[in-house]
Amino acid sequence: MSVVDISGLDVSFRSGREEVHVVRDVSLTVGQGETFGLVGASGSGKSTVLRIIAGLNLDWSGKVSLLGEQIAPHHRLQGELRRRVQMVFQHPYGSLHPSHSIGRILSEPLIVHHRPNVRERVTEALAQVGFGPEIASRKPHQLSGGQRQRIGIARALLLEPDLLLLDEPTSALDTSVQAEILNLLTIIKQTRPITYILVSHDRDVIAHMCDRQVEMRAGRIVSET
Amino acid sequence: MTDLVGVENLTVGFKTAEGGRFTAVNGLSFAMGAEKLGIVGESGSGKTMTALTLAGLAPQAAEITADRLEVAGEDLRRFKARDWPKFRGSVVGLIMQDPRSALNPSLIVGRQVEEALRFHPRFGRSERRDRVLSALEAVGLPNPKTLAGLYPHQLSGGMGQRVMIATALVNEPKLLIADEPTSALDEALREQVLELLVSLVESRGMGLILISHDLVQVARHCDRALVMYRGRLVDQGRAADLPNSTHPYTATLWACRPSAATHGQLLPTLDRTVIEASL
């Protein structure tokens with residue numbers, strides 16, 4: 001069974017009198033357990049495709065099914081998909097609440113989904129990304145960029161998703177820190193059944209991580225390897 | 001021997017809110033002539049603060065000490081606030097990372113490039129205009145006359161970066177400091193802009209300090225390289241020899257880059273305790 005099945009995906013919006021077509025007739029399939037890469041320059045439409053899969057971009061047309069469920073445009077993800085699909089963002093600072101402690105940031109998804117043993121699960125999640133429990137009392141601004149990104153990954157993994165969406169997860173980081181994050185993602189994949197979709201402008205990162213990749217240019221898929 | 005840049009025991013520190021002290025640059029010494037010098041290191045290693053200090057642009061709160069701090073024979077330690085504007089532009093040109101934030105959004109390109117010349121009233125208006133147009137042409141921008149009338153938001157990232165290079169070079173400085181000049185650009189543009197920068201520097205006999213986190217870029221385009229870690233100079237040598245460095249920090253920075261060849265493997269990571277111990 002495929003985890004993601006997209007056909008004929010189109011996205012356009014109106015800017016003044018012009019119609020801007022950002023995704024044109026994109027079709028792709030991602031299989032169970034794959035690491036799938038979307039590569040392209042800025043403005044190629046790769047992040048838009050990812051945001052549609054995450055249910056963050058609602059204005060599209062075509063056919064999209066996630067984990068066997070057909071999703072509809074203009075509707076947010078429903079039910080179990082909200083747990084089973086998680087995302088890690090490019091700028092961890094912008095995606096972590098600046099005045100909440102790390103512990104609170106990580107507890108929130110568990111509370112929202114009515115999970116028991118919140119404290120133990122947060123400690124486990126922190127350990128998985130290489131932190132001790134003491135970091136839970138810190139605020140995001142007290143962490144380095146790489147540490148924040150590890151928190152972003154911990155948060156995404158807390159609900160045990162089947163599909164993890166990674167939007168330029170290491171573009172804001174030093175190469176040395178990038179290596180630590182990519183290793184973490186590789187190790188996580190060895191310990192549980194999970195599918196990754198990785199978006200990056202960096203061909204080397206995609207080549208290192210991905211089993212299969214498509215390249216996008218001006219909204220279209222131009223090559224597949 | 002007269003060095004273009006001579007730095008001995010440069011330390012740049014800040015007082016922290018908790019009453020402590022943060023040392024951004026710690027006892028840095030180096031000298032360079034009209035050559036291409038790369039400074040590499042992770043973020044927070046002090047490479048940008050070194051560049052800003054040489055251009056007199058370190059934050060006001062910075063406490064700067066040095067046994068020697070000279071550019072083109074001028075002792076920067078004696079500079080008063082009014083000495084810097086004359087020095088910048090004519091002796092040192094600076095190119096920053098992001099053209100979108102370094103260019104004035106409300107000024108047309110022509111005025112912006114010309115501004116550097118107006119500060120140094122050697123030329124009349126028509127000569128200034130000629131120099132602006134030839135500077136825009138030298139950085140490979142098409143139709144300099146039309147372009148000079150555009151605002152920064154009408155330019156692409158690559159064009160914006162070329163305008164910045166033109167602005168930095170229009171006054172023919174002796175030293176060009178480029179701080180991550182291509183990091184904000186798409187991959188395909190990076191090499192182009194860097195090759196342009198290097199050829200302009202070479203043809204004018206200038207010195208270049210290229211600050212970059214990209215070791216491959218420095219190895220390819222520079223003569224020599226300094227490697228910084230937490231404010232200290234930990235390794236240096238010929239830029240082309242960066243891949244063969246035996247220093248654990250440099251060697252890991254080089255080896256930790258992902259590629260198709262590393263697919264499915266774990267990448268080497270920095271063992272910071274080993275590096276700290278070697279300082």
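**Figure 1. Packing around helix 4 of chain B in the predicted model.** In this predicted model, the buried residues of helix 4 of chain B pack against helix 2 (83-90), helix 5, helix 6 (144-147) and helix 7 of chain B. Helices (H or I, at least four residues) and strands (E, at least two) are DSSP runs, numbered from the N terminus, and a residue is buried if 20 or more other C-beta atoms lie within 10 Å of its own, exposed if 12 or fewer, and partly exposed in between, with C-beta atoms placed from the backbone. Helix 4 of chain B is mostly covered, seven of its ten residues being buried, and these are V109(B), G110(B), Q112(B), V113(B), E114(B), A116(B) and L117(B). Residues are numbered from 1 along each chain as its sequence is written, while chains are lettered from A and ligands numbered from 1 in the order in which they are written. Because the model is predicted, local features need pLDDT of at least 70 and side-chain atom pairs count only at pLDDT 80 or more, whereas totals for chains, interfaces and linings use all residues.

**Figure 2. Helix 7 of chain B and its cover.** Twelve of the 13 residues of helix 7 of chain B are buried, among them G158(B), R162(B), I165(B) and L169(B). The cover over these buried residues includes strand 7 (92-95), helix 3 (99-102), helix 4 (109-118), helix 5 (125-138), strand 8 (175-179) and helix 8 (187-203) of chain B.

**Figure 3. The side of chain A that touches chain B.** Across the two chains, 15 residues of chain A are in contact with 20 residues of chain B, two residues being in contact if their C-beta atoms, placed from the backbone, lie within 7 Å. On the side of chain A that touches chain B, the elements that give two or more residues are helix 7 (175-191) and helix 8 (203-209) of chain A, and helix 7 of chain A supplies the largest share, seven residues.

**Figure 4. Chain A as a whole.** Chain A has eight helices and ten strands, and its C-alpha atoms fill a box of roughly 50 × 40 × 35 Å, taken along the principal axes. Buried residues make up 40% of the 225 residues in chain A.
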